[in-house]
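The sequence and structure are shown below.

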Amino acid sequence: MNNKTRNIIITAVFSAMIFVMTAVLHIPVASGYVHLGDALLYVSAMLLDMPWALIAGALGEGLADVASGFAAYAPATVIIKVLIAICFAVVKKKNSKLLSAFSAVMTVPAGVITVGGYFVADLIISREYAVVDIPGNLIQAVASAVIFIIIAAALDKIKIKDKIYKK
């Protein structure tokens with residue numbers, strides 16, 4: 001199978017998994033929901049090359065907003081998730097493993113992008129929720145970081161990068 005076909009397939013699978021972890025497996029909070037789709041976004045950005053990781057995150061999480069009744073947030077979500085994917089894609093180039101000190105540290109700027117990005121989105125879309133959403137977004141960021149570390153460690157143990165990209 002050629003690289004482009006492999007990348008399209010893996011991107012589609014990650015988009016679907018991110019969608020499910022975001023739209024289906026979420027916990028409603030004040031004005032939105034907390035989900036673990038970001039953890040899979042982090043993993044996909046560590047596995048896929050730059051444009052494919054951006055597509056997986058933007059598509060999976062953007063469609064989840066639409067499907068969950070938060071279509072007004074979809075444009076902001078796409079921008080926020082692309083920025084998060086870029087953080088991890090940059091770290092990917094420096095590591096042969098998913099979990100490293102660098103990738104674990106990247107969960108911090110990813111969390112800041114999440115909380116800050118949705119704060120700005122709330123100021124534009126629904127001012128009264130801007131401050132109310134901060135705790136939920138913080139919980140999501142921390143939970144996503146923890147789940148990413150667990151998933152990445154497990155996937156490194158089975159050498160997932162070697163299995164996906166064996167020649």
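Helix H4 (residues 74-92) has 19 residues and reaches 26 Å from its first C-alpha to its last, close to the 27 Å expected at 1.5 Å a residue. The expected span is 1.5 Å times one less than the number of residues. The model is predicted: local features need pLDDT of at least 70, side-chain atom pairs count only at pLDDT 80 or more, and totals for chains, interfaces and linings use all residues. Residues are numbered from 1 along each chain as its sequence is written, and side-chain values use heavy atoms, with hydrogens and water left out.

Buried residues of H4 (buried: under 20% relative accessible area, 1.4 Å probe, protein chains only) include Ile80, Ile84, Cys87, Phe88 and Val91. The buried residues of this helix pack against H2, H3, H5, H6, H7 and H8, where contact means heavy atoms within 4.5 Å.

The helices named here are DSSP runs (H or I, at least four residues), numbered from the N terminus.

| Partner of H4 | Residues |
|---|---|
| H2 | 37-47 |
| H5 | 101-105 |
| H6 | 107-125 |
| H7 | 133-157 |
| H8 | 160-164 |

Helix H7 contains serine 144, which is buried, with a relative accessible area of 0%. Leaving aside neighbours within four places in sequence, serine 144 is in contact with His35, Leu36, Asp38, Ala39 and Tyr42.

H1 (residues 3-24) and H3 (residues 50-67) pack at an angle of about 35°, with axes 8 Å apart. Residues making this contact include Phe14 and Ile18 of H1 and Trp52 and Leu59 of H3.

How values were computed. Axes fitted to C-alpha atoms, helices over the stretch in contact; angles between N-to-C directions. Helix = DSSP H or I, 4+ residues; strand = E, 2+ residues; numbered from the N terminus. Buried < 20%, exposed > 50% of the residue type's maximum accessible area, 1.4 Å probe, protein only.
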